[in-house]
Amino acid sequence: MTVNEKIIETNDVHLYYGKNEALKGITLDFNPHEITALIGPSGCGKSTYLRTLNRMNDLIENVTITGQVKFRGNDIYSPKTDKVELRKKVGMVFQQPNPFPFSVFDNVAYGLRIGGMKDKEKIQHIVEDSLKKAAVWDDVKDKLHNSALALSGGQQQRVCIARVLAVEPEVILLDEPTSALDPVSSGKIENMLLELKNDYTMIMVTHNMQQASRISDNTAFFLQGDLIEHGKTRQIFTTPRQQETEDYISGRFG
Ligand SMILES: Nc1ncnc2c1ncn2[C@@H]1O[C@H](COP(=O)(O)OP(=O)(O)OP(=O)(O)O)[C@@H](O)[C@H]1O
């Protein structure tokens with residue numbers, strides 16, 4: 001992939017829940033190794049859009065999607081796409097930390113084992129490396145075989161990020177990853193995401209304007225299923241081109 005190549009491209013994406021059009025033709029691209037924040041008032045389609053990027057909406061009944069989503073130049077809605085492989089390459093972190101009711105180690109090893117990896121040393125190495133990258137190793141290294149559910153919310157979320165990292169994604173989708181956490185835990189996750197930018201592309205839904213301005217390179221503002229404006233985060237927050245964007249970021253609505 002050349003430096004300027006987009007890692008994900010979406011072109012005129014419409015999504016309907018039954019007859020309700022939740023996305024009204026979204027055209028938006030993502031550069032590798034950048035963080036993009038998706039912002040906008042509740043119900044404007046941010047999470048829906050995020051889920052179109054690794055076909056998570058396929059799990060919801062009555063959904064119709066038109067338009068194109070490409071990952072590394074390939075149409076992910078092609079019948080040829082292996083959805084399991086796609087979701088490894090385009091991993092997802094949710095709002096509520098959702099560790100499996102297993103040990104910390106088994107949570108992170110899960111994707112490797114279901115992928116058929118048997119080499120115990122290799123698994124051990126990847127689990128440790130992923131926990132380090134997710135900045136939670138020091139918290140859990142002495143309790144790898146205790147239940148992940150016994151960790152704090154912030155630690156659980158970092159273990160969930162380690163679980164995504166273990167299967168070597170290229171893109172990480174984050175749906176309000178810190179909104180259930182206290183400011184200290186959120187700060188740790190923000191710092192970790194900034195570190196991860198060297199190796200991954202990240203797309204993050206957030207309601208926290210300070211968070212978007214602190215860590216994202218680009219910001220996309222959604223309103224009622226439309227993409228109103230997209231650009232460099234500094235530009236969006238200082239000189240938005242659209243009145244609706246300005247109203248939202250200055251707290252006049254939403
Ligand atoms: N599973 C679903 N079935 C039917 N309609 C849905 C479903 N999920 C979302 N919607 C509808 O689609 C629209 C967009 O919702 P979405 O959750 O994508 O918005 P959002 O911007 O992420 O909101 P929030 O910030 O509150 O999470 C809303 O009108 C919502 O009611």
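Which residues does UniProt list for "domain: ABC transporter"? The unreviewed entry gives residues 8-249; such positions follow the numbering used here, feature names are shortened, and annotations may be inferred rather than shown by experiment. This is a predicted model, in which local features need pLDDT of at least 70, side-chain atom pairs count only at pLDDT 80 or more, and totals for chains, interfaces and linings use all residues. Residues are numbered from 1 along each chain as its sequence is written.

The span 8-249 is 38% helix and 26% strand, where helices (H or I, at least four residues) and strands (E, at least two) are DSSP runs numbered from the N terminus.

Let us turn to helix 7, residues 183-196. Which of its residues are buried? They are Lys188, Ile189 and Leu193; buried means 20 or more other C-beta atoms within 10 Å of the residue's own, exposed 12 or fewer, with C-beta atoms placed from the backbone.

The buried residues pack against strand 3, helix 6, strand 8 and helix 8, contact meaning C-beta atoms, placed from the backbone, within 7 Å.

Strand 8 contains Val205, which counts as buried because it has 24 C-beta neighbours inside 10 Å. Leaving aside residues up to four places away in sequence, Val205 touches residues including Leu38, Lys46 and Leu174.

Definitions and conventions: The expected span of a helix is 1.5 Å times one less than its number of residues. Two residues are in contact if their C-beta atoms, placed from the backbone, lie within 7 Å.
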